Amino acid sequence: MVPDFPSFLRKGLIKVEKRTGFYAQLAATLILVVGCFMVLKPFLTAILFATVVCITSWPLYLWLLRKMKGMRNLAALVMTLSQVLMVILPLALVAYNLADDVTALYNEIRTTAENGPIEPPGWLRQLPLIGEPIGKYWHLVASSREEMLALAKQLLEPTKNMLLAGGILLGQGVIVMSLAALISFFIYRDGEVLLHTLRVTMHSVLGARAARILDTIDKTVRSVMYGLLGTAVAQGSVAAIGFIIASIPGAMLLGIITALLSLLPIGPPLVWGGVAIWLFHNGSTGWGIFMLLWGFFLISSVDNVVKPFLISRGSNLPFLLVLLGVMGGVLAFGFVGIFIGTALLAVAFSLIQEWSSES
C-alpha cells in the first residue's frame with residue numbers, strides 16, 4: 001500500500017501544477033499572438049485602413065441596412081462598390097496617367113530649353129528689387145546652352161524623380177485601398193458580431209472603462225476622418241470656383257487634384273501656385289495676381305478653419321500631431337498612412353487625455 005503524501009507536499013505540488021499550467025497557457029498564447037501577427041503583417045496596413053473607413057462610415061452603413069430591410073450582404077456590397085467607384089478608381093486613373101504625363105512634360109521642357117533662348121516674361125522684370133537680378137540671370141542661362149542644360153539637369157531631373165516617386169506611392173496606395181475595400185466588405189457584413197465580441201473582450205479586461213474607451217475611439221476616428229475629408233472637399237471646391245472664374249482649362253480636374261493634395265501639408269499651393277505662374281507666363285498678369293490672392297486667402301485658409309473645426313468636434317488634436325500623423329503615416333504605411341497615422345495619434349492623444357483627467 002502506497003502511503004499518502006503529507007498535506008503540505010500535496011498542496012505544494014498542486015501550486016506547482018497550477019503555476020506550470022499558467023506559464024504554459026501564457027507561452028501558448030504568446031506564440032499564437034506572434035504567429036497571427038506574422039501571418040497578418042503583410043495585410044496590416046489594409047486592415048487598419050479598412051477599420052478606419054468602416055468606423056467613419058458605419059452610420060451610413062446602418063442607414064443603408066435599414067433601407068435594404070436588413071440585407072447585410074447587399075448593403076455591405078453597396079458600401080464596398082461605393083469606395084471603389086468614388087475613391088479607388090479615380091486614384092487609379094491618376095496614378096496610371098501620372099508617369100506618362102510627367103515624362104512627356106519633362107521631355108517637352110528639355111526640348112524647349114535645347115532649341116534656343118527663351119525671353120523672360122515682362123511681369124518678371126517689373127518685380128521690385130528682385131526683378132532686374134532675376135532677369136539678368138535668366139539672360140545668362142538662356143544665352144548659354146551649357147548653362148541652360150546644367151540648370152535643367154539640376155532642377156528638372158530631381159523634380160521628375162520626385163513626381164514619379166509620388167506616382168509610385170499613389171499606385172501602391174491604390175493596391176492597399178483595393179485590398180482594404182475587400183476587407184471592409186466583411187467588416188460591414190459581420191460588424192455587429194465583431195463589435196459585440198470586442199466589447200465583451202474589452203469589458204473582461206478593462207471592466208467598466210471599456211465602454212468609454214470604445215466611445216472615445218469611435219468619436220476620435222470619425223472626427224479626424226471628417227476633418228481630413230471635409231477639408232479636402234472644401235479646398236477642392238473653393239479651388240475649382242477660382243479656376244472657373246479665371247477661365248482656367250480643366251478647372252474641375254484641377255479642383256479634384258487640389259482636393260487630393262490637400263491631404264498633404266503643402267499640397268494645394270502646388271496647384272494654385274502653378275496655375276498662377278502659368279497665367280503670368282501667358283501675359284495674364286491681372287488673373288495671375290487674382291489667383292495668388294484667391295489661393296492664399298481662400299483656398300489655403302480653408303485648411304486653417306475647416307479642419308480644426310471638424311477635428312475639434314471629437315478630439316482637440318494639436319496641429320503638430322496632425323502634421324506628424326500625416327508625415328509619419330506616409331512613411332510608415334504609404335499613401336493610406338495619411339489617414340491611419342493621424343487617426344492613431346488622435347486616438348492615443350484622446351485616451352491619454354481621458355486617463356489623465358481621471359487620475
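A pocket is an open set of grid points with protein on both sides within 12 Å along at least five of seven lines, and its lining residues have an atom within 4 Å of a point. In this predicted model, the second largest pocket is lined by 22 residues. Those nearest its centre are I55, L195, L198, L214 and D218. The volume of this pocket is about 680 Å³.

Three helices each supply at least two residues of the lining of the second largest pocket: helix 2 (44-67), helix 7 (191-206) and helix 8. Helix 8 gives the most, with 7 residues. By class, the lining comprises 14 nonpolar, 4 polar and 4 charged residues.

Helix 8 spans residues 209-245 and includes A239. With a relative accessible area of 0%, A239 falls under the 20% limit and is therefore buried. Leaving aside neighbours within four places in sequence, A239 is in contact with T258 and I299. The C-alpha atom of A239 is also separated by 8.2 Å from that of W294, a residue 55 places away along the chain.

Helix 10 covers residues 267-281. At 1.5 Å a residue, its 15 residues should span 21 Å, and because its end C-alpha atoms are 22 Å apart, the model agrees with that expectation. The buried residues of helix 10 are G267, P268, V271, W272, G273, V275, A276, L279 and F280. An α-helix has 3.6 residues a turn, so residues three or four places apart point the same way. Just after helix 10, G283 takes a positive phi of about 85°.

The backbone of two loops also deserves attention. Most residues other than glycine have a negative phi. K69, although not a glycine, has a positive phi of about 60°; K69 is found in the loop between helix 2 and helix 3 (72-115). S247 likewise is not a glycine and has a positive phi of about 60°, and its place is in the loop between helix 8 and helix 9 (251-261). Exposed means over 50% relative accessible area, so K69, at 73%, is exposed. By that cut-off S247, at 60%, is exposed too.

Finally, the cysteines may be considered. A disulfide is a covalent bond between the sulfur atoms of two cysteines. A search of the whole structure finds 0 disulfides. C36 has a relative accessible area of 39% and is therefore partly exposed, whereas C54, at 3%, counts as buried.

How values were computed:
Residues numbered from 1 in each chain as written. Predicted model: local features only at pLDDT ≥ 70, side-chain atom pairs only at ≥ 80, totals over all residues. Heavy atoms only, no water. Helix = DSSP H or I, 4+ residues; strand = E, 2+ residues; numbered from the N terminus. Buried < 20%, exposed > 50% of the residue type's maximum accessible area, 1.4 Å probe, protein only. Contact = heavy atoms within 4.5 Å. 1 Å grid on protein atoms, 1.4 Å probe; cavity = no way out; pocket = protein on both sides within 12 Å on 5 of 7 lines; lining within 4 Å. Points joined across faces, edges and corners; volume = space filled by probe spheres on them. Nonpolar A, V, L, I, M, F, W, Y, C, P; charged D, E, K, R; others polar. Disulfide = S-S within 2.5 Å. Expected span 1.5 Å × (residues − 1).
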